[in-house]
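Q: Please take a close look at one part of this model, a strand pair in a sheet, and at what surrounds that pair.

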Amino acid sequence: MPNIKDIAKLAGVSVTTVSRVLNNHPYVAEEKRARVQAVIDELDYSPNRSAMDLARGKTNTVGVIIPYNDHPWFDKIVNGILEAAFKNRYSVTLFPTGYDPKEEEKYLMRLKTKQVDGLIITSRANNWDVILPYLAYGPIIACEYVESKDVSCSYIDRVKAYRAGFQFLQDEGYKKVAFTAGRASRESTSTYGKINAYEQVFGPVGENRFLSECYTLEDGVKAGKYFFAERKDWPDAIYANGDEVAAGVMYHVKELGLRVPEDVAILGQENLPIGKALEITTLDHNLKKLGENAFSIFEQGKLQRIKVEHELIRRKTV
């Protein structure tokens, strides 16, 4: 297999000149560049990309830490990152952790070993005291508000957004509101924030008014069965943590013969395609914009905090 020295000898130039051509360096005479390129084409030479990245200290790749690769919330954030990265000629590598702290640390090491130019953390398994030391090796951008002044973030005021959702239901006259969430509150700042928002609007969370571990349409059906198990205390509105979950709830309540929204109002989240198709009222956190901003912060290379505003989209289920 030919190497860079062979190309230099055949083209009649220095190894440095060949290296500059391979790295698209601007200061190479066009006549020399053409000779080197002709030899490269003739030999069908493919450079060692890893070695080139190491030499110039840049990979043009950003790593994205995600807990799951099949969750609508993270899909929308990643979609925003991918579109922004493509426009800026960056590659994106996804690092799914399953919320395993050790797995997350393994991906943080990718930054330390210069396998990526930076990391965007959509949701984390470790505390920030574990993550912060890795800032010495490159930029880390969070998709949540971070107290540390050393970390850039693209973030949503989740409590404010959730409170807006609950306040909307209260203003519409609903009093017995139930809600779903993802991870259990002791593990998730998002779930904790939603409970906090509920309590600010309706007071303490009553029995059979909250269910966690809801992610899919099937989970929404499960939530519907849970909330409507006791006929004496059925909720009059449900605020789901995603439009897919909301669709599952709606499917079950209609099986019970209840009307939406006359008997039960349903508020979804994230403005997903299924929500549009079923005309579900939803609270959109604008997650795609969250991802776009996170990449923009990374690409600009300076400390920033960008807040993304939520939007309530009214359709037919409230």
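A: I238 stands opposite I266 in β9. The strands concerned, β8 (residues 237-239) and β9 (residues 265-269), run parallel and are joined by three bridges; strands are DSSP runs of E with at least two residues, helices runs of H or I with at least four, both numbered from the N terminus, and two strands pair if DSSP finds at least two bridges between them. This is a predicted model, in which local features need pLDDT of at least 70, side-chain atom pairs count only at pLDDT 80 or more, and totals for chains, interfaces and linings use all residues. Residues are numbered from 1 along each chain as its sequence is written, and side-chain values use heavy atoms, with hydrogens and water left out.

β8 and β9 belong to an open sheet of six strands with mixed pairing, in the order β7-β6-β8-β9-β10-β12. At the edges stand β7 (210-211) and β12 (311-313), each with a single partner strand, so one side of each has no neighbour in the sheet.

Helix α9 lies across β6 (177-180), β7, β8 and β9, where contact means heavy atoms within 4.5 Å. α9 runs at about 170° to β6; axes are lines fitted to C-alpha atoms, for helices over the stretch in contact, and angles run from 0 to 180 degrees between N-to-C directions.

α9 (residues 189-202) also meets helix α8 (residues 158-171): their axes come within 8 Å and cross at roughly 40°. Residues of α8 in this contact include Y162 and F166, and those of α9 include A197 and V201.
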